[in-house]
Amino acid sequence: MNLDDLAEKAEEFRAAEAGVEREVRVCMAASCQSSGALPVLEALTKACGEGDGTCRVKGVGCMGLCSAGPLVAVADRDCDLQGSVLYRDVSPSDAADIMASVCGAPVERLRCPTDLPFFARQQRIVLENSGVIDPDSFKGYVAVGGYSALIQALSEMTPADVLEEITASGLRGRGGGGYPTGLKWSTVAKMPADQKYVICNADEGDPGAFMDRAILESDPHRVLEGMAIAAYAVGASKGYVYVRAEYPLAVERVQTAIRKAKRSGFMGNNIGETQFSFEVEVRLGAGAFVCGEETALMASIEGLRGQPRPRPPYPAEAGLWGYPTLINNVETFANITPIIRNGGEWLASIGTETSKGTKVFALAGTIENTGLIEVPMGTTLRDIIEVIGGGIPDGKAFKAVQTGGPSGGCLPAEHLDIPVDYDSLKSLGTMMGSGGMIVMDETSDMVDVARYFMEFCMSESCGKCIPCRTGTQQMHCLLHAIARSQGTHKDLKLLEELCEVVQATSLCGLGQTAPNPVLSTLRYFRDEYERKLSGPT
Amino acid sequence: MATQQSRPPLPGSDKRWKLVNATMRRNGYAGHALIETLHSIQDAFGFLDEASLRFVAASLDLPLSKVFGVATFYHLFMLKPKGRHACVVCTGTACYIKGAGGLVEAIEGHFGVNPGETTEDDRLSVLTARCVGACGLAPAVVVDGDLIGKQTGEDLIAKLEGLD
């Protein structure tokens, strides 16, 4: 199969729906489903009836503004989210009104303007199909150009060409570490081995992050296509998607996508009638945060306790079952197809000097617009929180924003004007992480926030290395005491010492970064700790 | 291929064991299918009892200690039966900021059970989750598999009282 054949196929799929002029799209991602999207979809389907075939009701992926769900968008067939009429907080009883207005004036009482900064300020690359296509429809994905990047890579590019484009794009790992993707792929490609693996890390364990979940639920084929391109570039023939069992909908959609892609010859043996073969399987996590760490994740796929091991050797040299393994996060794989389609230089033109492209963030906490956003790297925190996020509700004052989950830190108002990229965040003592962004207002007690994260790390520590196993426990005790105003100045000093030790001596990322929430709150909110202390200074 | 061990008989006549066996067969009875197999037992029976762990160990030719080690390492695996209803309170960061602690306290105050415990009449198990990924609806709980968001203590107690 070459690109022309695929384009023909896409044209055929589009032609089959040529009669459809308007679409009523209902968000069927987990968040909107919890708010009651399913009865809304059923009511709309019923209200639509057979009709004359010019209007269609379909379930789509995440539209972003989760706090206003269930969301329904009415749009022309080829229109994206921003160009559609969006309705919020829809209930089944609104179905008749919405259907009656499909070609006429919108239902004003339900309307959510899409020219709000929340929508207008985003740049959707990873999420381009999210909220537009039906995630369970293979044809729908192909109709919007899906799998053309894979076929392009297989029919017109050598693996070295693919590596070159990825390297030129400047893409860095979206799981949080920010390791250059091109470099990682090249290392795996260089390894001489008969068997190599590609793993998609979808063990999104950071509490307060739901980007990967939304991507898998909204556009699963895109992630599979990215994995297949990666497998071609590094010479792998087998892949795993390691998903949290807490995300049943994402698991189901990925499994459906694998089945459909396989049936159409885009997964499995001789993809696109070439020599290239690639099999993908889903593996379920079982509720262990440490499995987001790559060596622990691989142990878990092997059926073992998810405990990390020292690196080197890195997975690129000796990974799953000892074979060279490429392991990337969901969002990293979701970035691959546009890079192949548009070229590495194109992605490199977006973002900042050291961080290219866009980043998807999950905005949550005490903020007006909770949900999923995608912005170019380098957007300031202030833009994200005050403009896109709509600021703090109920007239309260902003206090801190937490990024990077339990491995990250809290930033105060004085740093809101920094551009968000890997290096700026790191220089301020926090990190990009996978993209969770939790906003806190003046009522949050920062010592308790530090205690909360330490409790998390303490109970998620796998117990393999002593600094993490014992250190997190001791730090939690100290924080617990201080938070309840039972700590002394000596306790605080001990806490700071422990932070250093645990950071320097732990085996894996979990322990090494566990002190970050404490260190960053001490750096910016030290007075809150000191107010709670007693005893001699 | 390594010499095949003779497979142990199914622990009982319950049809659900056939599902468990199918999972192992699909994975060629390889040791790395352990976690998948434990998932299928828990899906079928709700928890992992000793007989099931022994059965899996013998079927996959793994030491029982290893099977027990894996079953206890992962939070999702339950070694005790759950109550008839399960309420999982999300304690992720967004839910914490929006008052998940208050929900746990409300349940404790009303039903007298802490997270990880089941009421004496086996009616309700209370659990916590690290993050259910519904941060836009914080604070969120999962009651018998259904996610419900934006909860207050009173809402939740009323909902839990209304079960059955």
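Predicted model: local features only at pLDDT ≥ 70, side-chain atom pairs only at ≥ 80, totals over all residues.

Visitor: How many of them are nonpolar, polar or charged?

Guide: Six residues of the contact of α9(A) with α11(A) are nonpolar, with no polar and no charged ones.

Visitor: Let us turn to strands. How do β11(A) and β12(A) run?

Guide: Strand β11 (residues 398-403) and strand β12 (residues 409-412), both of chain A, run antiparallel and are joined by four bridges. Thr403(A) stands opposite Gly409(A) in β12(A).

Visitor: What lies between the two strands?

Guide: Five residues separate β11(A) and β12(A), which form a hairpin. Gly404(A), in the turn, has a positive phi of about 80°.

Visitor: How is chain A divided into domains?

Guide: There are domain 1 (20-113), domain 2 (146-348), domain 3 (358-441) and domain 4 (446-531). Taken over C-alpha atoms, the centres of domain 1 and domain 2 of chain A are separated by 33 Å.

Visitor: How many residues does each of those two give to the contact?

Guide: Domain 1 of chain A gives four residues and domain 2 of chain A gives six. On the side of domain 1 that touches domain 2, three residues are nonpolar, one is polar and none is charged.

Visitor: Now chain B. Which elements does it have?

Guide: Chain B has seven helices and four strands. From the N terminus on, their order is α-α-α-α-β-α-α-β-β-β-α. The C-alpha trace of chain B spans about 60 × 30 × 25 Å along its principal axes, and 36% of the 164 residues in chain B are buried.

Visitor: Where does chain A touch chain B?

Guide: The contact takes 37 residues from chain A and 32 residues from chain B. On the side of chain A, the elements giving two or more residues are α2 (30-34), α13 (294-301), β9 (358-365) and β13 (436-441). By class, that side of chain A has 17 nonpolar, 16 polar and four charged residues.

Notes. Residues numbered from 1 in each chain as written. Chains lettered and ligands numbered in written order. Buried ≥ 20, exposed ≤ 12 C-beta atoms within 10 Å, placed from the backbone. Pairing = 2+ DSSP bridges. Nonpolar A, V, L, I, M, F, W, Y, C, P; charged D, E, K, R; others polar. Contact = placed C-beta atoms within 7 Å. Domains from an automatic or database assignment.
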